[in-house]
Amino acid sequence: MSPAAANPLDPKSILEQAFDMEDEFPGPAEDLLLSWLLSLGADQAPAEAATALLPRYSGRVEGKSDTLPIVKLHRLLEQVAVSPPATARRGRLSARTRS
């Protein structure tokens, strides 16, 4: 896939490559999901991206064993799709008071 044809919901084709591997995807699913999340643009909501991508991959995991890393990746993507948006942090990182 050429850079111009890259999917903005999967800018580095991380998920596409994993789901193309199907049963051969070695995992760990959590690491790949984190890589995908970090590849998203700052203006792209992860839940919206996951919701849009899920139909593309759902058929690839139907009927497969829950023990396969690719099925775990799909379940994690489903969790991202229903997760609430993160709220912006304001103020100090620490709640400690000065002595």
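This is a predicted model: local features need pLDDT of at least 70, side-chain atom pairs count only at pLDDT 80 or more; totals for chains, interfaces and linings use all residues.
User: Which residues does the cis peptide bond join, and where is Pro28 found?

Analyst: Helices here are DSSP runs of H or I with at least four residues, strands are runs of E with at least two, and both are numbered from the N terminus. The cis peptide bond joins Gly27 and Pro28, with omega at about -5 degrees, and Pro28 is found in the loop between α1 (14-21) and α2 (29-39).

User: What is the phi of Ser13 and of Glu22, and is each one buried or partly exposed?

Analyst: Accessibility is read from relative accessible area, where buried means under 20%, exposed means over 50% and partly exposed lies in between, using a 1.4 Å probe and protein chains only. Ser13, in the segment before α1, has a positive phi of about 55 degrees although it is not a glycine, and Ser13 is buried because its relative accessible area is 13%. Glu22, which is found in the loop between α1 and α2, is likewise not a glycine and has a positive phi of about 50 degrees; its relative accessible area is 35%, so Glu22 counts as partly exposed.

User: Where does Glu16 lie, and which residues does it touch?

Analyst: A contact means heavy atoms within 4.5 Å. Glu16 lies in helix α1 and, not counting residues up to four places away in sequence, touches Asp10, Arg56, Tyr57 and Arg60. Its relative accessibility is 16%, which means that Glu16 counts as buried.

User: How many salt bridges does a search of the whole structure find, and which residue pairs with Glu16 at 3.3 Å?

Analyst: Side chains of opposite charge can pair when their charged atoms come close. The term salt bridge is used for a side-chain nitrogen of Lys or Arg within 4 Å of a carboxyl oxygen of Asp or Glu. A search of the whole structure finds 7 of them. In one of these, Glu16 pairs with Arg56, the closest N and O atoms being 3.3 Å apart. That pair links distant parts of the chain, with Glu16 in helix α1 and Arg56 in helix α3 (residues 46-61), 40 residues apart. Arg56 has a relative accessible area of 43% and is therefore partly exposed.

User: What is the N to O distance between Arg60 and Glu16, and which residues are linked in a network?

Analyst: The side chains of Arg60 and Glu16 meet in a salt bridge at 3.4 Å, N to O. This pair also links distant parts of the chain, Arg60 being in helix α3 and Glu16 in helix α1, 44 residues apart. Arg60 is partly exposed, because its relative accessible area is 24%. Glu16, Asp20, Arg56 and Arg60 are linked in a network of salt bridges.

Technical notes
Residues are numbered from 1 along each chain as its sequence is written. Side-chain values use heavy atoms; hydrogens and water are left out.
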